[in-house]
Amino acid sequence: MKPVFALRNVSKKFGRQLADDDLSLEATPGQVIALLGDNGAGKSTSIKILLGLLRADSGDAEVLGMDSRLQSQEIRRRIGYVPDKPALYDWMTVTEIGWFASGFYPHGYLETYAEMVREFKLPETQKIKNLSRGMQAKVSLALAMAHKPELLILDEPTSGLDAVVRREFLESMVDVAAEGRTVLLASHQIHEVERVADTVAIMRQSELLTFDRLEVLKNEVRELVITHDSDETFGFPFPDHEIASRHDGRQSVHLVRDLTPSQMATLENHDRTVHLEQRTPSLEEIFVGYMSGEIRKENEKAPTTEPEISA
Amino acid sequence: MHFLIDAHNGIAIYDQIARQMKFAVARGVLRSGEMVPSVRELSKQLAVNPNTVARAYRVLQEDGVFSALRGTGLEITSEAKAICQSERESLIRERLESVLHEARQSGLSATAIKQHVNDLLQHLAQSEGDSA
């Protein structure tokens, strides 16, 4: 199957600052992909490279079979894009901006836009500049979706908006996915993402740490709480499987991935193990684990303070 | 019907939907012969990925709670209530088992656990008697 979009070994630097480091991502139709990461992780850069708004230093990007570098305009006409800070002509009214935008899209745009305006309860005759931020975001979403794009890209669309607006955005995304269309969502709202996404990409400092189906991620990652015989630091025997750990006295907590049953048995029968418990972490815990895990790059310092664990 | 989905409680969302549907059938909120909302409707209502809802529906079909209705959708089967009630019992049994396991692990003897259970049952019967 042809990917809806793809980034292949994409790297991008701003001056000496690396934004994307050899990034590869691919989407199949109907997927809802969440792109998670802290600020400056490279989420927006990746999206802008896909849209052809930024040029990658190396690697390829394509959307709906078109080269992002060469066919940026056509890509933006075919997909829907809600940027984090939408630049709308704010002297237009809600209806006027729909008319204006419909000129760029095929027939039927205006009807769908008007439907969404009604659904979102937007005041048709009000000027955009007099609308609340939540309403402006909804205008931006309606504009991005009125041509029923095969791919909807949202870049932190609801950061700082109230729960009601965020919910409406989620419902719209679910609707898009239900029709077999694809959604790429960069977000900070992890517990909301957990409901709607089926695939998760986690980025940190320009690097893609994991790109997996949410189900697979949740099946493979476990949190282990080990009680030891003494408070001497426990060297985890399978460091390649460890995402993050913290130690507190006689207990240590390890976020691990893909441990085999025999590796689990080794831990359970370890000389120093008094008790071992395992549980399934939430996406938020997995995310925090990936964000706090030891950084393998040389110019970074490992976290010096250990968070407290409640025993 | 009303759902409470918590993405954080460690139970997969599809499982939460399936369980809550079964509880609703067991309680008579959903009755046999009634149509089930479409995957699209329910996924939008819950703001949950449509595949997740579809998976919950598959489970409910496999368990004999839903059946396909001539290509128009899913309906609740005539045996659904009996199935859901027995399933509810087995879920409660599972929860009791995990509590008992915890009690044993903490070092309580079987006699002590039985004593607690009897006390609690008696207590419950009393408060039910008070409210009746």
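What follows is a chat about a predicted model with chains A and B.

Visitor: Ground rules before we start?
Guide: This is a predicted model, in which local features need pLDDT of at least 70, side-chain atom pairs count only at pLDDT 80 or more, and totals for chains, interfaces and linings use all residues. Residues are numbered from 1 along each chain as its sequence is written, while chains are lettered from A and ligands numbered from 1 in the order in which they are written.

Visitor: Start with chain B. How many helices and strands does chain B have?
Guide: Chain B has five helices and two strands. Helices (H or I, at least four residues) and strands (E, at least two) are DSSP runs, numbered from the N terminus. Read from the N terminus on, the order in chain B is α-α-α-β-β-α-α.

Visitor: Is chain B a compact globule or more spread out?
Guide: Chain B is more spread out than a compact globule, because its radius of gyration is 19 Å, well over the 14 Å that the globule rule gives for 132 residues. The radius is taken over C-alpha atoms, and the rule is 2.2 Å times the number of residues to the power 0.38. The C-alpha trace of chain B spans about 55 × 35 × 25 Å along its principal axes.

Visitor: What percentage of chain B counts as buried?
Guide: Of its 132 residues, 22% count as buried. A residue is buried if 20 or more other C-beta atoms lie within 10 Å of its own, exposed if 12 or fewer, and partly exposed in between, with C-beta atoms placed from the backbone.

Visitor: Which domains does chain B have?
Guide: The assignment gives domain 1 (13–81) and domain 2 (82–131) of chain B. Such bounds come from an automatic or database domain assignment. The centres of these two domains of chain B, taken over C-alpha atoms, are separated by 29 Å.

Visitor: How many residues are in contact between them?
Guide: Ten residues of domain 1 of chain B are in contact with six residues of domain 2 of chain B. Contact means that the C-beta atoms, placed from the backbone, lie within 7 Å. On the domain 1 side, α1(B) gives the most, with four residues. By class, that side of domain 1 of chain B has five nonpolar, one polar and four charged residues. Ala, Val, Leu, Ile, Met, Phe, Trp, Tyr, Cys and Pro count as nonpolar, Asp, Glu, Lys and Arg as charged, and the others, Gly among them, as polar.

Visitor: And between the chains, how many residues are in contact?
Guide: 13 residues of chain B are in contact with 17 residues of chain A. On the chain B side, α2 (39–46) and α3 (50–62) each supply at least two residues.

Visitor: On to chain A. Which domains there?
Guide: Chain A is assigned domain 1 (5–216) and domain 2 (220–292), with C-alpha centres 37 Å apart. Twelve residues of domain 1 of chain A are in contact with six residues of domain 2 of chain A. On that side of domain 1 of chain A, the classes are seven nonpolar, two polar and three charged.

Visitor: What order do the strands of the open sheet take?
Guide: Four strands of chain A form the open sheet in the order β12-β13-β11-β14, with antiparallel pairing. Two strands pair if DSSP finds at least two bridges between them. The edge strands are β12 (242–248) and β14 (273–279) of chain A, each pairing on one side only. Six bridges join β11 (residues 221–228) of chain A to β14(A). Leu224(A) has Gln278(A) as its bridge partner in β14(A).

Visitor: Which helix packs on the sheet?
Guide: Helix α10 (residues 283–292) of chain A packs on the sheet and touches β11, β12 and β13 (251–257) of chain A. The direction of α10 makes about 85° with that of β12(A). Axes are lines fitted to C-alpha atoms, for helices over the stretch in contact, and angles run from 0 to 180 degrees between N-to-C directions.

Visitor: What about the hairpin of β9(A) and β10(A)?
Guide: Strands β9 (residues 199–204) and β10 (residues 207–213) of chain A pair in the antiparallel sense over six bridges. Ile202(A) has Thr210(A) as its bridge partner in β10(A). The hairpin has two residues between the strands, and Gln205(A) takes a positive phi near 45°.

Visitor: Last one. Is Pro106(A) buried or exposed?
Guide: Pro106(A) counts as exposed, because it has 9 C-beta neighbours inside 10 Å. Pro106(A) lies in the loop between α3 (94–102) and α4 (109–119) of chain A.

Definitions and conventions: Contact = placed C-beta atoms within 7 Å.
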